[in-house]
Amino acid sequence: MAHEARVDDGDTLARRNGGQQGGGVLRLGGRPYVKAQRPQIAFEWRPGYRRTGEDGDRQTNSLLGTGGGWHVGLRVSVAPEGGAPGSSWSIKANPTKRGPEGPRVAVMTWLITGGAGYIGAHVARAMDEAGERVVVLDDTSAGVPERLPSGIPLVRGSIADRELLDRTFAEYGVRGVVHLAAKKQVAESVEQPLRYYRENVYGLTVLLEAVAAAGIKRFLFSSSAAVYGVPDVDLITEDTPCVPINPYGETKLAGEWLVRAAGRAHGIATACLRYFNVAGAAEPALADIGVFNVIPMFFDRITRGEAPRIFGDDYPTPDGTCIRDYIHVADLAEAHLAAARRLAAQEGPGDLTVNIGRGEGVSVRELAVLVAEVTRSDLAPVVEPRRPGDSAKAVAAAGLIAEELGFKARRGVREMVESAWEGWRLRHPGAFTE
Ligand SMILES: O=c1ccn([C@@H]2O[C@H](COP(=O)(O)OP(=O)(O)O[C@H]3O[C@H](CO)[C@H](O)[C@H](O)[C@H]3O)[C@@H](O)[C@H]2O)c(=O)[nH]1
């Protein structure tokens, strides 16, 4: 891989910088660093590359403690011969094993757009842990760089920046794209439809143009159950008609059309994954920081000492509250890995569109009981009027994904609530209700 250099003295680097917690990744380029440290490192650039900026030895750098270990940062810019400067590099330094790792030969590199976001970071981590080589593109408008596991390069920028895409594809040797970068709040999409169309649809066209031009043949698209709208069916299959009821869902459906059409025209193997209600965290530091979905909204109320709200209990469901299909984000990430591997193994083009859910419904009231148990809250929920646009029931038929990808979610709703609560407490240290 042209963007990887060899660390000659990784042990020294790690020891000097307290890297005993593991990780020990030297990240070059573009990050703000605050604390002066000066590790002595020797590195060799691969043939065909040149340094365009300061050498690491002369730069200020620091340690950034993250949940996954230590990041050691240097500010260095590099470029392929004849190419534009300013790329982000990552160099592996193994703090526990001595001896140079040497440049690794990757079978395939995946670009994960939006990989610093809540779901994206879980996907990046799952793919990285499974041995896939990944690089993240994220504009960090909602993404948090510290969520990324050690050693995953982060390119900061927009999917609508064609020049950046071309450069990133070339520098990292990208052979497949997992596209998660998008706006995703339903209410906001109603207020700002043009922004949603620009980011989710226009941004995607630019990305697909760059993908086609670079000859990339694998593309995985993050879609949503929002494409279905509010179908009156017991289980939503992939054949249930798509009638989105808000601009967010419209942009996801238009995105699927774009992806499939581009796939057919340019011989790209594509997959569209329609997520149902994503919740939980693989570890507390990776938890969702937004308060836009029911579980964090319940936590928020409880933390303030207010009763959680149930939006409507007069729906045609057994307890009158809405039923949803919640899936643990770590399971969702595994589904991405399975889909990416399926695309990688696939000979030639072809598209796959699948629901990602557990196929089991949980009512809002059942969820409220679980949240009360996990948070040890005795605040009884209050029932408020229905929220416009909510369907009584949205549960995935989960058969196709099992059949196509051999995927089945393993984690239950209690695990989702517990792990989400751990993440919530990390950022709200006062949120103990015991
Ligand atoms: O304080 C709250 C918050 C939510 N709810 C209810 O909880 C259920 C789940 O609500 P969420 O907002 O968590 O999720 P939605 O099912 O409305 O939407 C989610 O799933 C959609 C797919 O259909 C989209 O992907 C969307 O982005 C994503 O937020 C709904 O019945 C909602 O009315 C409450 O009763 N009280």
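## Elements around the ligand

At least two residues of the shell around the ligand come from helix 7 (294–303), and at least two from strand 16 (309–311). The structure is a predicted model.

The ligand is surrounded by 20 residues. N293, V294, R309, R324 and D390 are the closest of them. Sorted by class, the shell consists of 12 nonpolar, 3 polar and 5 charged residues.

## Polar contacts and cover

A backbone N or O atom of R309 is 2.7 Å from a nitrogen atom of the ligand, and a backbone N or O atom of F311 is 2.9 Å from an oxygen atom of the ligand. S224 uses its side chain: a polar atom there lies 2.9 Å from an oxygen atom of the ligand.

On its own, the ligand has 680 Å² of accessible area, and the protein covers 88% of this.

An open sheet is built from 7 strands in the order 11-10-9-12-13-14-19, with parallel pairing. Strand 11 (154–156) and strand 19 (350–356) are at the edges; each has a single partner strand, so one side of each has no neighbour in the sheet. On average, and with direction ignored, neighbouring strands of this sheet are turned by 20° against each other.

At one end of the strand order, strand 11 pairs with strand 10 (residues 133–138) in the parallel sense over 3 bridges. Within this pairing, L137 has V155 of strand 11 as its bridge partner.

Another open sheet has 3 strands in the order 20-17-22, and its pairing is mixed. Strand 20 (362–363) and strand 22 (393–394) are the edge strands, each pairing on one side only.

Strand 17 (residues 323–324) pairs with strand 20 in the antiparallel sense, over 2 bridges. The bridge partner of I323 in strand 20 is S363. R324, which is in the residue range of strand 17, is also among the closest residues to the ligand.

Terms used:
Residues numbered from 1 in each chain as written. Predicted model: local features only at pLDDT ≥ 70, side-chain atom pairs only at ≥ 80, totals over all residues. Heavy atoms only, no water. Near = heavy atom within 4 Å. Polar contact = N/O pair within 3.5 Å; in protein donor to acceptor, adjacent residues only side chain to side chain. Areas by Shrake-Rupley, 256 points an atom, 1.4 Å probe, with all protein chains shown as cover. Helix = DSSP H or I, 4+ residues; strand = E, 2+ residues; numbered from the N terminus. Nonpolar A, V, L, I, M, F, W, Y, C, P; charged D, E, K, R; others polar. Pairing = 2+ DSSP bridges. Axes fitted to C-alpha atoms, helices over the stretch in contact; angles between N-to-C directions.
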